[in-house]
Amino acid sequence: MEGQEQLMLVMSNITKRFPGIVANDHVNFALRKGEIHTLLGENGAGKSTLMNVLDGIYYPDEGEITIEGKRVDLRSPLDSMKHGIGMIHQHFMLVDSLSVIENVILGLESQGFYIDKKSVAHQIEAIAKKYNFRVDPYAKIWQLSVGEQQRVEIIKTLFKGARILILDEPTAVLTPQESEELFGILREMKSEGKSIIFISHKLNEVMSISDRVTVLRKGQLVGTVDTVSITERELAKMMIGRDVLFRLERKDIEQGREVLKVEDAQAYNDRGIMALNKLNITVHGGEIMGVAGVAGNGQVELAECITGLRHLVSGHVTVEGIDVTNATPCTLASAGVNYIPADRLGVGLVPNLSTVDNAMLRKYKQQPMRRGTFIDYAAACTYADGLIEKFDIAVPLKNAPVKVLSGGNMQKLLLAREIEENPRLLIAEHPTRGLDVGATEFVRKILLEQRDNGVAVLLISEDLDEILMVADRVAVMYEGRIVGIVDAHHVDIAQIGLMMAGAVGAKA
Amino acid sequence: MNPTFGSILISVLAGAVQSGTILLLPTLGEVLTERSGVLNLGLEGLMLIGAFFGFLGAMKTGNPYVGLLLGMAAAAVAATIHAFICVTLRGNQTVTGLALTIFGTGLTSFYGDNWVSQRLTTVIQPMAIPGLSRIPFVGPILFSQDLIVYAGYILVALFWFLLFKTKVGVNLRAVGENAKAADAMGVNVVGTRYFWTIVGGALAGAGGAYITCCIHPYWLNGITSGMGWIAVALVVFAMWNPFNALVGAFLFGSIEALQLQLQAAGTYINSALLSMLPYLATFVVIIVATLIVRVRHVGTPKELGIPYAREEK
């Protein structure tokens, strides 16, 4: 029909099954020319699967794909690229030690044997200029910030002549300011006639950037709506299937005494660069201190210094008045410091040991599990059973390696083990990353419970929404120091965003 | 300058270039293999295979160059086994490499027993490059050598160019640094790893065959005497760069030549101690290189030793 927007891409009746689950169940998706179309859904809703089908990584069991009216058969990312589809993955597909130029031409057939760096550099600069941003073609990827790396990914797809761009949660790693810049680039591309698929679960972004939204839930299509005719709350309801709880309830309790005090801490990161820069922070009993910041500003190093996993070059750490600077993890544990590391299956649990073995890791040196030189395995089993029941952990086989558990159950087991130690200070690093809604709620509830019991909780997270939902105070980290601490109850998000980007300190 | 001292120095250094070339070829090969993400600790075994089949080929045909090619081919076949286990079967590369060394040692000792103490009559002969060889001092050291030495120079430049200036090199480095990203960009990860592992094997074989077809034209069990291990260490010293490999290999060649000269001159130092020098130097080199790699961002290919499998749900 005349006047109707032209359809760029149609995916109809896409079904993709994996052993045990149907990741996409007869999903329909249509993309117009020159629109920004958001694909919205929770973890495991099937967004990534659908996009991987489009990118040629998975081949659908049923359904067909047409691009500009022509049926296409996409069997590899290369096929998709030839049809003008470019995907920007959440974890960038960049080679760190190569330059921007080398990353851009990697795998390209159009380039000759010898690389004409100058000409490629000119083309890269031309693309960047067209969309009003800058990138140094000769820089190595590891020298670039995350935002810049993302732009390299965008250039890569445009260089290959992509007309359909897929961005998988592109703002997850960006500061609010960087996100705004990205949106600017996307709008520019849209006006150039590119079609953009934007995967996200951040509702405010979805509202501001997209023309239409397609919502998936548990592998099925919920619906496609125009952004102008819907509210955030309605979208959330479509996504989750019920109203969402935006702020968790908490008891009003008296703030306890100072539990953790870090003074002028300095420490190097793994690359030998100063990661903590005279950092100071204090956490009291009965409060959750959220640490916000863009990844790589020293959050990991801070957690490691407090838990004895990283050496402090200078400065002091005290827990309940006792100096524990550079104490061993063992000493710290007996001082009441417990830790939920970000890498739950690498640092938190031992992947190839069983649930029982993992559960007893903090207890096997004490009675009743210790019997002289030996371990009383029956006692260990009883203990593990207790945790499984109390924390409602789904464990198919107690003696199977813990790595077969789902992410949520692993995290529950880890939390259970640490909390049974009756911590004075609990450090939780990205405790809900990659978990589904149920497990996320559970973890947050436990953190609040601990707080209500007077434990000092240090919550390190990249998810600002999570911090605002759970924390009492928010410390913003930038380049190895705390640039400001704000009250989580009366917070100015823009202010936090600016602090995360290093633009300002806290208002006095 | 004392003319005798000058001539001794020239002959020591010319010997250093020869010994250095034995190390250079396997080191260059391993630089490329490791750049693709495959660790091959079987260099010693591959060199032995190259040395033995090189010797055999030269013996049977009377042509040392044919011998050299046969040695390379035999080592390439053995390296293909390594590639099959490490790339296709995704086995443990360290264990497989060690097994390859044991295999090479055993195989060549088993068949080599019949050949011990036999000598080749024709060996690879030096060919002075007209003009260049007349440059005082440098000429006799660098340009009055044989074709294999010259091939070594050319390979250094060629591989450097290939690695850093061409698409082949970008693909190769990408595969060793981030196989997933390379795969997503349409680079053939498996093919790249196979190809460079086999090339590395052929070059290790060339290093071994160079010993028997030129420098020591007879067969001895274990004739490579740990050169393959030194080459593995030199790759780290070279920080995976062909030019540094040249420097490292010739440095070690000098140590080797020096200790031989010292032994021949009959110094008071125990000859066993002198023979130990290259291995001692290996320790020093590894320590220094490891420290440098730690400080600078350049270094080990990130996915060295890690098998690649496409992620499937």
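In this predicted model, the centres of domain 1 of chain A and domain 2 of chain A, taken over C-alpha atoms, are separated by 33 Å. The domain assignment places domain 1 of chain A at residues 7-240, builds domain 2 from two segments, 247-336 and 422-508, and gives 349-421 to domain 3.

Chain A contains an open sheet of 6 strands, ordered β16-β19-β20-β13-β21-β22, with mixed pairing. Its edges are β16 (337-340) and β22 (481-487) of chain A; each has a single partner strand, so one side of each is left without a neighbour in the sheet. From one strand to the next, the twist averages 20°. Within the sheet, β13 (residues 288-292) and β21 (residues 473-478) of chain A run parallel and are joined by 4 bridges; A:Gly290 has A:Val474 of β21(A) as its bridge partner.

Two helices that pack on this sheet deserve attention. Helix α9(A) touches β13, β16, β19 (425-429), β20 (456-460) and β21 of chain A, and its direction makes about 150° with that of β19(A). Helix α14 (residues 407-419) of chain A touches β16 and β19 of chain A, its direction making about 180° with that of β16(A).

Helix α9 (residues 299-306) of chain A is mostly covered, with 8 of its 8 residues buried; among them are A:Gln299, A:Glu301 and A:Glu304. After α9(A) comes A:Gly308, which has a positive phi near 85°.

Turning to the contact between the chains, 19 residues come from chain B and 19 residues from chain A. On the side of chain B that touches chain A, α7 (167-177) and α8 (179-184) of chain B each supply at least two residues, and α7(B) gives the most, with 6 residues. The residues of that side comprise 8 nonpolar, 5 polar and 6 charged.

Notes
Residues are numbered from 1 along each chain as its sequence is written. Chains are lettered from A and ligands numbered from 1 in the order in which they are written. This is a predicted model: local features need pLDDT of at least 70, side-chain atom pairs count only at pLDDT 80 or more; totals for chains, interfaces and linings use all residues. Domain bounds come from an automatic or database domain assignment. A residue is buried if 20 or more other C-beta atoms lie within 10 Å of its own, exposed if 12 or fewer, and partly exposed in between; C-beta atoms are placed from the backbone. Two residues are in contact if their C-beta atoms, placed from the backbone, lie within 7 Å. Ala, Val, Leu, Ile, Met, Phe, Trp, Tyr, Cys and Pro count as nonpolar, Asp, Glu, Lys and Arg as charged, and the others, Gly among them, as polar. Two strands pair if DSSP finds at least two bridges between them. Axes are lines fitted to C-alpha atoms, for helices over the stretch in contact, and angles run from 0 to 180 degrees between N-to-C directions.
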